[in-house]
Amino acid sequence: ARPDTIVYRGTKFVRRNRLSVGVAAVGVLAVASAALVAIGEERVAQRRFQDVRTLAHTFVFELDDQIANIAGTTKARETIVKTGLAYLDNLAKNASGDLTLQDEIAQGYMKIAGVQGYPGQPNLGRTSDALVSVEKAGAIFKAIAVADAIYLPELAQYYNRRAFLTLRTGETGKARENSKLAIDTFARARAIRPLSDAMEQNYAFSFCVLADIDEDSGHDREAWSEASRCADSARTLLKKTRTPALIRMVAQADERIGTAAQNLGRLTEGLRALAEQESLLNELLGAEPRNSFLHRSRAVLYQFRSSIYLDDEHPNLGDAPPALQSARMYLAAAEEMRQSDPNNKGAQYSRAVATFRVAFALTESDPDTAILMTRESVQTIDALIASDQKNTVAIRGRFSALRHLSTAQFTAG
């Protein structure tokens, strides 16, 4: 007799129950096959998801970063916006539970908003679309900051961006509220752990944003104080490490000190601040001669300098020749920006403002030319308002141009 082992009993059972065992085996194989197919499909889906994530990062960050400050690339950046938005919206549907991915998506929406219509950089002039993208980012930042306080600085930066955009649409109350939220959120984050150098810089720049809002609201002393704090903080960071980003921030702060000083009647101080800004911008342009952001910053500097010499709204020196010289430098720079990038709405607006600034400086000496130039400026601004009716900066610019036109017509008789 054979030994009574488990193998013997199993073999004997299979011989006596061949049909049942066969059916059971087929069932087991089917289940195993289905499981293998499911695992395979999950791996394919995961690979596709990672491919989409990689493509989104490439379009929104890598490609845009490479061309963002090169003149003439606004149209190409519009293609990046369309493609990047599609990828980000697709990723957002499957990002729950992955905080790192959610942060990446939110940062992507912020980048897209910058191209769509963020002031102070080459953009497509679509403020409403920019606000939608910023709100998408904000919803994500709020959620992940609740889940992990490490994301508080990103949430603060969202409030800064939203403050700047709502200021552009004329909602100064909302802009101030968001600016205060940015400063408070940065302070909360600093109380938990030290900020990175980049976020310390963003925290300091929050006071420049608040300065813009206060200046726009007519709170000139507060604006001057906040801009000075922004500049002092940036210069402290600059002593630690002299980076182009920090130099640029000091230059931006100097610009705000210059305009706030003018509003307070401190005209010599205003000119000195703009001279310091110009020196820093020239240093940066020496290293990056094709940087369109820097060229725009220098062009706007010429505008503010012209205003300190001669203006019909703010305290000024009443000196037309240097005002005309600075205004012509502004017009030449703005025309160069417009020609190098015809799709850049910001460059179109800068040229329109520069045109009526030159016209204003010519009012007494050549009123007929001033009238023609101001009419051209109004036509350009009207076209920009028609394409972006939330652009209150352009609307206010139109009022200024019409006021200058009236002055020139009165002078011409």
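S297 is buried, with a relative accessible area of 9%, where buried means under 20% relative accessible area, exposed means over 50% and partly exposed lies in between, as found with a 1.4 Å probe on protein chains only. S297 lies in helix α12, and, leaving aside its neighbours within four places in sequence, it is in contact with Q277 and L281, contact being defined as heavy atoms within 4.5 Å. This is a predicted model, in which local features need pLDDT of at least 70 and side-chain atom pairs count only at pLDDT 80 or more, while totals for chains, interfaces and linings use all residues. Residues are numbered from 1 along each chain as its sequence is written, and side-chain values use heavy atoms, with hydrogens and water left out.

**The chain as a whole**

- The secondary structure of the chain comes to 16 helices and 0 strands, where helices (H or I, at least four residues) and strands (E, at least two) are DSSP runs numbered from the N terminus.
- Of the 413 residues in the chain, 48% count as buried.
- Among contacts in the chain with a separation of 6 or more, 65% are accounted for by residues 24 or more positions apart.

**Helices α10 and α12**

- Two packed helices are described by the angle between their axes and the distance between the axes.
- Helix α10 (residues 244-263) and helix α12 (residues 292-309) pack at an angle of about 15°, with their axes 11 Å apart; the axes are lines fitted to C-alpha atoms, for helices over the stretch in contact, and the angles run from 0 to 180 degrees between N-to-C directions.
- That angle makes α10 roughly parallel to α12, since angles under 35 degrees count as roughly parallel, those over 145 as roughly antiparallel, those from 65 to 115 as roughly perpendicular and the rest as oblique.
- On the α10 side the contact is made by R248, Q252, E255, G258, T259 and Q262, and on the α12 side by F293, L294, V300, F304, S307 and I308.
- The residues of the contact of α10 with α12 divide into 5 nonpolar, 5 polar and 2 charged, where Ala, Val, Leu, Ile, Met, Phe, Trp, Tyr, Cys and Pro count as nonpolar, Asp, Glu, Lys and Arg as charged, and the others, Gly among them, as polar.

- G84 is found in helix α3 (residues 74-92) and is buried, with a relative accessible area of 0%.
- The C-alpha atoms of G84 and I112 are separated by 7.6 Å, although the two residues are 28 residues apart along the chain.
- Helix α3 and helix α4 (residues 99-117) pack at an angle of about 155°, with their axes 10 Å apart, and that makes α3 roughly antiparallel to α4.
- Both G84 and I112 belong to this contact, in which α3 contributes R77, I80, V81, G84, L85, L88, D89, L91 and A92, while α4 contributes I105, G108, Y109, I112, V115 and Q116.
- By type, the residues of the contact of α3 with α4 divide into 10 nonpolar, 3 polar and 2 charged.

- Helix α6 has 17 residues and reaches 25 Å from its first C-alpha to its last, close to the 24 Å expected at 1.5 Å a residue; the expected span of a helix is 1.5 Å times one less than its number of residues.
- Because 15 of the 17 residues of α6 are buried, this helix is largely enclosed by the rest of the structure.
- Helix α6 (residues 152-168) packs with helix α7 (residues 172-192) at an angle of about 165°, with their axes 8 Å apart, which makes α6 roughly antiparallel to α7.
- The residues of the contact of α6 with α7 divide into 13 nonpolar, 7 polar and 3 charged.
- After α6 comes G170, whose phi is positive, near 85°.

- The 21 residues of helix α15 (residues 367-387) should span 30 Å at 1.5 Å a residue, and the end C-alpha atoms are 31 Å apart, which agrees.
- Within α15, the residues P367, A370, I371, M373, T374, S377, V378, I381, L384 and I385 are buried, and what covers the buried residues of this helix includes α13 (320-340), α14 (345-362) and α16 (392-412).
- E364 has its place in the loop between α14 and α15, and at 67% relative accessibility E364 counts as exposed.
- E364 and A408 are 44 residues apart in sequence and 7.8 Å apart in space, C-alpha to C-alpha.
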